Amino acid sequence: MVEMVEGGDMNKKRGTNGNYQQKKPFDKCPVCGGELEEKEVEKLLRGGVHTAVMKVHAEVCLHCGERLYSPETVRRFEEIRRKLERKEVASFQLMGQSFQVA
Ligand SMILES: [Zn+2]
């Protein structure tokens, strides 16, 4: 009974991975040729005096740590940077203060 459930889940995952890999812009790290793994990472965005932290999915190189973002993610970064520059931050969640250390 348990084995049947596990087998079903595995097949599901394989199907999803297969579809995902076809869309990948890179198979290997363009910097060092290392293996890439999809991870959720925190990206720090700055625009003007404001900073925003955004959780996004990126392909992260297991060897050198290089992060690769999808074109849609990069477009969102640009959108958020523009909003920060224009101080259009009403829709963002206030996190706390940022400090510069000399
Ligand atoms: Zn690398």
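**Fold and local geometry of the predicted chain**

The protein chain holds two helices and three strands. Helices (H or I, at least four residues) and strands (E, at least two) are DSSP runs, numbered from the N terminus. The model is a predicted one: local features need pLDDT of at least 70, side-chain atom pairs count only at pLDDT 80 or more, and totals for chains, interfaces and linings use all residues. Residue numbers start from 1 along each chain as its sequence is written. Along the sequence, the elements of the protein chain follow the pattern α-β-β-β-α.

The three strands make an open sheet in the order 1-2-3, with antiparallel pairing. Strand 1 (36-47) and strand 3 (67-68) are the edge strands, and each pairs on one side only. Two strands count as paired if DSSP finds at least two bridges between them. Strands of a sheet pair through backbone hydrogen bonds, either parallel or antiparallel.

Strand 1 and strand 2 are joined by 12 bridges in the antiparallel sense. Glu42 stands opposite Lys55 in strand 2. Lys43 has Met54 of strand 2 as its bridge partner. The two strands form a hairpin, with two residues between them. Gly48 lies in that turn and has a positive phi of about 60 degrees.

Strand 2 (residues 50-61) also runs antiparallel to strand 3, to which two bridges join it. Here Val60 stands opposite Arg67 in strand 3. Strand 2 and strand 3 again form a hairpin, with five residues between them. In this turn, Gly65 has a positive phi of about 85 degrees.

Helix 2 (residues 71-85) lies across strand 1 and strand 2. The helix runs at about 20 degrees to strand 1. Axes are lines fitted to C-alpha atoms, for helices over the stretch in contact, and angles run from 0 to 180 degrees between N-to-C directions. Helix 2 has 15 residues and reaches 21 Å from its first C-alpha to its last. That span is close to the 21 Å expected at 1.5 Å a residue, where the expected value is 1.5 Å times one less than the number of residues.

Lys87 is placed in the segment after helix 2. Its phi is near 60 degrees, a positive value in a residue other than glycine. Most residues other than glycine have a negative phi. Lys87 is exposed, because 11 other C-beta atoms lie within 10 Å. A residue is buried if 20 or more other C-beta atoms lie within 10 Å of its own, exposed if 12 or fewer, and partly exposed in between, with C-beta atoms placed from the backbone. Buried residues make up 6% of the 102 residues in the protein chain.

Val31 sits in the loop between helix 1 (2-23) and strand 1. Val31 counts as exposed because it has 12 C-beta neighbours inside 10 Å. Leaving out residues up to four places away in sequence, Val31 touches Cys61, Cys64 and Glu66. Contact requires C-beta atoms, placed from the backbone, to lie within 7 Å. Val31 and Cys61 are 30 residues apart in sequence, and their C-alpha atoms are 9.0 Å apart in space. Across the protein chain, 59% of the contacts between residues at least 6 apart in sequence join residues at least 24 apart.

Key:
Two residues are in contact if their C-beta atoms, placed from the backbone, lie within 7 Å.
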